[in-house]
Amino acid sequence: MTIPCAYFSKAQDRLDDLQERSMLAATLAHVVRAWSESSIQIGLNPDNKELIEDIYRRLQDKFYEKPEGLPYQYCLLELVKNI
């Protein structure tokens with residue numbers, strides 16, 4: 001089941017407002033960073049802090065230039081215990 005990105009849905013009617021667009025870009029980049037930074041640090045070595053910062057700055061710039069929602073999917077799983 002795919003659901004719309006709440007951050008984008010909330011802001012999509014106000015993307016002509018540059019401050020709103022900037023806030024959306026910062027929020028989306030922050031969310032992506034929260035779930036990906038540890039993997040990037042392992043792949044690039046944590047000593048590359050400037051490169052890691054550059055990656056997320058470029059991502060924020062990309063979200064600003066072309067705002068779009070993050071893809072979210074939920075998978076519901078029910079476990080039943082049989083005795």
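Select leucine 70. Setting aside neighbours within four places in sequence, leucine 70 is in contact (heavy atoms within 4.5 Å) with Cys5, Leu28, Val31, Val32 and Phe63.

Before moving on, some ground rules. This is a predicted model, where local features need pLDDT of at least 70 and side-chain atom pairs count only at pLDDT 80 or more, while totals for chains, interfaces and linings use all residues. Residues are numbered from 1 along each chain as its sequence is written, and side-chain values use heavy atoms, with hydrogens and water left out.

**The core**

Together with Leu70, they have the most contacts inside the largest nonpolar core, which has 16 residues. Such a core is a set of buried Ala, Val, Leu, Ile, Met, Phe, Trp, Tyr and Cys residues joined through side-chain atoms within 4.5 Å. Buried means under 20% relative accessible area, exposed over 50%, and partly exposed in between (1.4 Å probe, protein chains only). Colour α1 (6–11), α2 (18–44) and α3: each supplies at least two residues of this core. The biggest share comes from α2, with seven residues. In soluble globular proteins, nonpolar side chains tend to be buried together.

**Arginine 21**

Select arginine 21, in helix α2. What does its side chain reach at 3.3 Å? The backbone oxygen of leucine 15. Arginine 21 is buried, yet has no salt bridge; that would take a side-chain nitrogen of Lys or Arg within 4 Å of a carboxyl oxygen of Asp or Glu. The nearest side chain of opposite charge is aspartate 16, 5.4 Å away. Show Leu15, Tyr64, Glu65, Lys66 and Pro67 too: arginine 21 touches them, not counting residues up to four places away in sequence.

**Arginine 57**

Jump to arginine 57, in helix α3 (residues 49–65). Arginine 57 is partly exposed, because its relative accessible area is 45%.

**The whole chain**

Zoom out. The protein has three helices and two strands, in the order β-α-α-α-β along the sequence. Helices (H or I, at least four residues) and strands (E, at least two) are DSSP runs, numbered from the N terminus. The C-alpha atoms fill a box of roughly 55 × 40 × 15 Å along the principal axes. Of the 83 residues, 27% count as buried.

Notes
Lys, Arg positive; Asp, Glu negative; His and termini not counted. Polar contact = N/O pair within 3.5 Å; in protein donor to acceptor, adjacent residues only side chain to side chain.
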